[in-house]
Amino acid sequence: MRWLLALFCLSFVAVSQASTVGTYDGKIIEKVLVLKSAHQLQLINDGKALKTYRISLGKGAKKGPKLIEGDKRTPEGFYWLDWRKTSEKFNLSMHISYPNISDAARARREGVEPGGMIMVHGTPHTEEDPEELFHTLDWTDGCIAMRNVDMREVWDLVPDGTMIEIRP
């Protein structure tokens, strides 16, 4: 009887995970790729970009990867989009699992705090700060920002648990 219960539970987990797969144009989104130098976020399937978006980065993005808390740099490496939230200031936000193991180990060796709360998010949109002001600038504290219309699309297409690779 226990094995039957275990089989049922495993089947339920497999079906639950299958329902959280993101697709675009009928193709599975295998990962999100960020190319910092090109200011692009891409949805990837089979090594090819299915969709590409223009992004803004941290104010210190041209200085390399994130090293310490407060350096305003966007991290580089492999992470997961592990949870999401709505935000009054930034519309929709998806959390990046920074720091990863190597980021945390480097910070520990150097005796510094690596920082955290790195997100892919939308842009402010108020009368004082219209969204258009932000779209072509690197203005975040290390996050990856997109136009709100693009962020809504990524929010709908990319499930929690998707890998994100951030390259220089």
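Residues are numbered from 1 along each chain as its sequence is written, and side-chain values use heavy atoms, with hydrogens and water left out. Because the model is predicted, local features need pLDDT of at least 70 and side-chain atom pairs count only at pLDDT 80 or more, while totals for chains, interfaces and linings use all residues. Here pLDDT is the predictor's confidence in each residue, from 0 to 100. The protein averages a pLDDT of 86, and 88% of the residues score at least 70.

Helices (H or I, at least four residues) and strands (E, at least two) are DSSP runs, numbered from the N terminus, and two strands pair if DSSP finds at least two bridges between them. Eight strands form an open sheet with mixed pairing, in the order β5-β4-β3-β10-β6-β7-β8-β9. Its edge strands, each pairing on one side only, are β5 (48-54) and β9 (144-145).

β4 is mostly covered, five of its six residues being buried; buried means under 20% relative accessible area, exposed over 50%, and partly exposed in between (1.4 Å probe, protein chains only).

At the β9 end, strand β8 (residues 119-121) and β9 pair in the parallel sense over two bridges. The bridge partner of valine 120 is isoleucine 144 in β9. Helix α3 (residues 148-157) packs on the sheet, touching β4 (40-45), β5, β6 (77-87), β7 (91-96) and β8, and its direction makes about 55° with that of β7 (axes are lines fitted to C-alpha atoms, for helices over the stretch in contact, and angles run from 0 to 180 degrees between N-to-C directions). The buried residues of α3 include Met151 and Trp155.

Two residues carry an annotation: UniProt lists His121 and Cys143 for "active site" in an unreviewed entry. They span 23 residues in sequence, yet no two of their C-alpha atoms are more than 7.5 Å apart, so they gather at one spot. UniProt positions are given in the numbering used here, feature names are shortened, and annotations may be inferred rather than shown by experiment.

Histidine 121 is placed in strand β8 and is buried, with a relative accessible area of 3%. Leaving aside neighbours within four places in sequence, its contacts include Trp139, Cys143 and Met151. Cysteine 143 is found in the loop between β8 and β9 and is buried as well, with a relative accessible area of 12%. Not counting residues up to four places away in sequence, cysteine 143 touches residues including Ser56, Thr74 and His121.

Technical notes. Contact means heavy atoms within 4.5 Å.
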